[in-house]
Amino acid sequence: MKKTFVLEDLCCAHCATKMEEGIKKIDGITDASVNFIMQKLTVEAADEEFDAIMKKVVKICKKIEPDCTIVL
Amino acid sequence: MTKKQKKILIRIIVATLVGVASYITYRLTELPIWAEILLFVAPYLVVGYDVILSAGKNIIHGQIFNEKFLMVVATVGAFVIREYPEAMAVMILYQAGELFQSIAVGKSRKSISSLMDMRPDSATVLRNGEEIVLSPEEVERGELLLVRPGEKIPLDGVIVEGETTVNQAALTGESLPVDKAPGENVLSGSINIGGLIKVRAESVYTESTVSKILALVENSTEKKAKAENFITKFAKYYTPAVVFAAVLLAVIPSLIDKQWSQWIYRALMFLVVSCPCALVISVPLSFFGGIGGASKKGVLVKGANYIEMLAKTSTVILDKTGTVTKGNFAVSGVYPENGVTEETLLYKAVLCEKHSSHPIAKSVLSYYNKPVPEDDASVQERAGYGIERKEKESILLAGNALLLQEHGISVPSSSVGTTVYVAENGVYLGKIVISDEIKPDSAAAVRELKELGVKRVVMLTGDSEKTASSVAEGVGIDEVKAGLLPDQKVLETEKILATGGTTLFVGDGINDAPVLTRADVGVAMGGIGSDAAVEAADVVLMNDNLSSLCEGIKISRKTMRIVRENVVFALGVKLVLLVLSAVGIANMWLAVFGDVGVAVLAILNAMRALRFSKK
């Protein structure tokens, strides 16, 4: 499953790259990309694990850029 | 400005006013140290408390080396070495720069999305005779839509009632309006500029042309260009390296000359300059701007990496049918024998061809373009030969050389294209030549490609040598490979690829999908309605014209130039500032400019990629 989320208050482009790298390292993620310009996050992972993985994604996002929130 | 931006702006203004007052008091009066600190810490906190908070959170999460952390270290450091006004001013400047940066990025985002302002907002649907306004997503296939003049057509469909003119500029970049009559297809995203029409929806929204194009452009940033990857890698090493250098700068000279506060101050400037944001934002933004600008011209580029390659194009391979030529057959010449008028020859041919549904017959009829008389003759159509028409004692033939030879009639040798020979009662009347029309702009496009520095333009075709070379001559292509089967096209392309350089293949995507994927950049003609081409290609020319490929190359080159400018400018300024800081010429103000100022300038420069004039 591939899903796209809106990122609110993502204001640091460098952090966006770090977030992308961090998210890609999560187990079970097929692919992920953070688009700073469109303020969007795309996550691709297996259907059954998706929700669990998204929790980890949110955690990483908070860790790297505390101001930024993923609109789920 | 958003609410958040407004809040920050107010904080900046308040902090600046208080700061100025503090500075005047500081200069004019003698105060104890704690009072001095208080004078500047107050505005410092007003403007920068959120920076300090998130820097703190970052440290807890083990994230150092980010911009906010570096700012806090730099400003707290300045307080420690008793440069209070400096510390406060740097924080104010940093926040102002960040604000300006976020406004600039927001503006860019807006102008890019306004380029793609072809998303229909609503659809008027006729359900049980009632007009209901829905969002396009809610409309089902087969429903009747009402589109008023001035409205966007929400879904792909067929006109069932009403005649109109539509503007497809948002899709094709072609501003010339197109007339549409009942029974004709209309595309979502085009604007109805004529009369009221009723359209039967042939697609759901997610499958419509407009949402496909939007998805394509929005996802294009996922394919990163080499320049972008370079920046990402660079940023990874740049910041830690500068921070490390800052530590060295603070410690080593101080051990020698004991001027601790001077060297720490210089090291703090290093920290301020160490953020790579100018590059990290502006490079992808330039590419995205280029992609947006190109889509405005009807050139869809599926990734930033293709912008890079388009700019470097050295060889262009063109497919003939559908690319250089229109791919529809039309009468290109009528050659009656002596004593026969053109009108008679055509009329006799039409008498036969009107019974056929073969494309050749259709093109003869459309060339004739007059009402065809009814008759009750007996007609026999023979595949691979042509048509025999018998009326009383008279026999009329219209077909290829084989058909006439079978009846013992000799015909002149064939020229370029497909020929229909006509004979009546054993007498040869003349021939009608049907050939594929060269697109009106093909010759100009080939010329322009060469002017743009493309070294080799090659045409590949499955057609005969004769037809191919006549087309090539017509448009000014000097290298032609004719009579190729689809797999031979792949082979020829590979041969050309092996010679090096960046090779583009332009085709209509129908029988050349393997070549489209094999070439460095596969360019498909006529993305509209042709899913296969859009899928297989890296670049899609929406308006079917070769000349938009030239536009695409020019836009790509401009984009690459902007990217290079930004990289050189941002790195150059930072390098100069690092040197000036180290030797003590620069001050903290300049260092802040080196961080946020450069970022803002680079963003503004990146926005030029969006604007692409005809020249």
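## Basis of the model

Local features in this predicted model need pLDDT of at least 70, side-chain atom pairs count only at pLDDT 80 or more, and totals for chains, interfaces and linings use all residues. Residues are numbered from 1 along each chain as its sequence is written, while chains are lettered from A and ligands numbered from 1 in the order in which they are written.

## Overall form of chain B

Chain B has 21 helices and 22 strands; helices (H or I, at least four residues) and strands (E, at least two) are DSSP runs numbered from the N terminus. The radius of gyration of chain B, 34 Å, is well over the 25 Å that the globule rule gives for 615 residues, so the chain is more spread out than a compact globule. This radius is taken over C-alpha atoms, and the rule is 2.2 Å times the number of residues to the power 0.38. Along the principal axes, the C-alpha atoms of chain B fill a box of roughly 125 × 65 × 40 Å.

Of the 615 residues in chain B, 46% are buried. A residue is buried if 20 or more other C-beta atoms, placed from the backbone, lie within 10 Å of its own, exposed if 12 or fewer, and partly exposed in between.

## Domains

An automatic or database domain assignment gives chain B domain 1 (3–113 + 223–285 + 559–609), domain 2 (140–203), domain 3 (300–326 + 440–556) and domain 4 (327–438). The C-alpha centres of domain 2 and domain 4 of chain B are 38 Å apart.

## A three-stranded sheet

In chain B, three strands form an open antiparallel sheet in the order 6-5-8. Strand 6 (178–180) and strand 8 (191–192) of chain B are at the edges with a single partner strand each, so one side of each has no neighbour in the sheet. Two strands pair if DSSP finds at least two bridges between them; strand 5 (residues 164–167) and strand 8 of chain B pair over two bridges. V166(B) stands opposite N192(B) of strand 8.

T517(B) lies in helix 18 (residues 513–518) of chain B. This residue is partly exposed, with 14 other C-beta atoms within 10 Å. Beyond its neighbours within four places in sequence, T517(B) is in contact (C-beta atoms, placed from the backbone, within 7 Å) with G522(B) and A536(B).

## Contacts between the chains

In the model, 15 residues of chain A are in contact with 20 residues of chain B. Helix 1 of chain A gives the largest share of the side of chain A that touches chain B, four residues.

Key
Two residues are in contact if their C-beta atoms, placed from the backbone, lie within 7 Å.
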